[in-house]
Amino acid sequence: MSTDLFFSVPLLVEDIAPAVRDAMRAKRDIEPSPEESVETSYYKPEAQVLTIASLDELEQFVIGAATTFLEKTLRLPPRRLAIERSWINIFKPGAQEAQHSHDGSLLSCSYYVEAPKDCGCIVLPDPIGARRSHREFTKTAGKDLLTRREIAVEPQPGRLVMFESWLPHYVQCNKSDQVRISIAMNLREVAPQVAVPRARGQESPAVTPPQRNSAASAPAVRATSSDAKPFLFDELFEVHTDLKLSLEPIKNAIPTIVIDNFLKHPEDVRDVVGRAPAPNWKHEKGGKNFVDYYDCRLRFPIRYPNGMIAAAQQAIRKVYSVDTRPSDASVDVNWFMQIHEKRADFAVPHNDMTNVRRSFTCIVYLNRREECSGGTAFFRFKKSGSLVLDEPYVRAVREDSRLGETGLDYWGGGAGEWWETVGTVDMVPGRLLIFPSEYFHAAHHPQNSFYEFPRLTLAFWMVN
């Protein structure tokens, strides 16, 4: 009998020698973020800590470790790497960081400058949600690498922890009486330099082609005319300043916030996202995506200060009395179109972000008024009567995988057997909907409306 390991998650942990470490001291003169318990320079993208503190040795060390990590551990072809972002985090006693990931980058890492005892580990939960649930409800979690529900790495001065940027992680509470200082970095791939074909007798300057992973021997890409125009995200998605909150508890059970006339330029937003080529984000073998429908996603990075994020923070603080931050460094536009007739009135009911203390789902409807149909529906799981994830739901998912989100089918199956609709919030152009992420919800499709144009919703998550 042979046993193979699949879906493993590589993690690099390397301690720098004290003599080298002493040359890598970081500055502390940063302006703390007013929205965070952690003092951080993350919200100042122009303030690259490695450059400001002249930490050339650390930058070279990190790029070298990342190159080895990619080529030796992941066994990927060689590629040029660069530090995309670097920022300093200062955790005072009692500070902690909610679960998040660094989607959009290649690799992410933390280098610990000061790390007193009991200052809080960086924790990486098992990223396979089905396995985490299985471990909990079958009592099969253990201390072995194959049965752990999460891995905690203890910070030490001079320690580097590196992983792929998609991997969720959080930081435990600093229980010491001293500060914990780390430098966080995101890495990206640098496109190779290739020569542009030239006429005889002319110089041949080196340029960077627009596509990544192009070989030096590949033919040059010829520029073409296009209607596509660059845009500043914060300007296109600018929000009104005189926002009015409407509280719409779904049958006095689910506390939701609705803000109408949220976007200043909804028509411009609709034009841009509706014309943009949308890549698939769920495309499982044997699934229905690109067969019965197109379920795609566009991702836009957040640049601070950001009015949309600030407005969501203020609304959540006012209604729920919770201080929040974005769970990711980006927002997503869900881009959905029908190929064949719908098979249900709503997508697979689900909840979001169950591994953080508090999370709030934020949805902005982007369709024009004449395109709007349905909205967002909320549900009760019939077998337990629960509005949120519970043990009967987890057991039911194990018994019938169609009940959960598998990526195989947007519409799911047996909806009437499992779910009772509690209420809906209608799709209205430029409307912002906010609700606690633990409640079961799904896109509501009462009509076959989305053949000629896509259903467009912008989504992001705010966490405590």
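Predicted model: local features only at pLDDT ≥ 70, side-chain atom pairs only at ≥ 80, totals over all residues.

Trainee: Where is His350?

Mentor: His350 sits in the loop between strand S17 (330–338) and strand S18 (359–365).

Trainee: Buried or exposed, His350?

Mentor: Buried, because its relative accessibility is 16% and the cut-off for buried is under 20%.

Trainee: What does the side chain of His350 reach?

Mentor: The backbone oxygen of Val348, at 2.9 Å. Leaving aside residues up to four places away in sequence, His350 also touches Glu405, Tyr439, Phe440, His441 and Ala442.

Trainee: Switching to rings. How many aromatic pairs in the whole structure?

Mentor: The search finds 20. In one of them, Phe346 and Phe379, the ring centres are 4.4 Å apart and the planes are at 55°, so the pair counts as tilted.

Trainee: Which parts does that pair tie together?

Mentor: Phe346 is in the loop between S17 and S18 and Phe379 is in strand S19 (residues 375–381), so the pair joins parts 33 residues apart in sequence. Both Phe346 and Phe379 are buried.

Mentor: Phe378 and Phe435 form an edge-to-face pair, 4.9 Å centre to centre with 85° between the planes. Phe378 lies in strand S19 and Phe435 in strand S21 (residues 432–436), 57 residues apart.

Trainee: Which residues form the aromatic cluster with Phe346?

Mentor: Phe379, Phe381, Tyr393, Trp419 and Phe440. Phe440 is also among the residues His350 touches.

Trainee: And the arginines, which rings do Arg180 and Arg297 lie over?

Mentor: The charged end of Arg180 is over Phe91, 4.8 Å from the ring centre. Arg297 lies over the face of Trp281, at 3.6 Å from the ring centre.

Conventions
Residues numbered from 1 in each chain as written. Heavy atoms only, no water. Helix = DSSP H or I, 4+ residues; strand = E, 2+ residues; numbered from the N terminus. Buried < 20%, exposed > 50% of the residue type's maximum accessible area, 1.4 Å probe, protein only. Polar contact = N/O pair within 3.5 Å; in protein donor to acceptor, adjacent residues only side chain to side chain. Contact = heavy atoms within 4.5 Å. Phe/Tyr/Trp six-rings, centres within 6.5 Å; stacked < 30°, edge-to-face > 60°. Lys NZ or Arg CZ within 6 Å of the ring centre and 35° of its normal.
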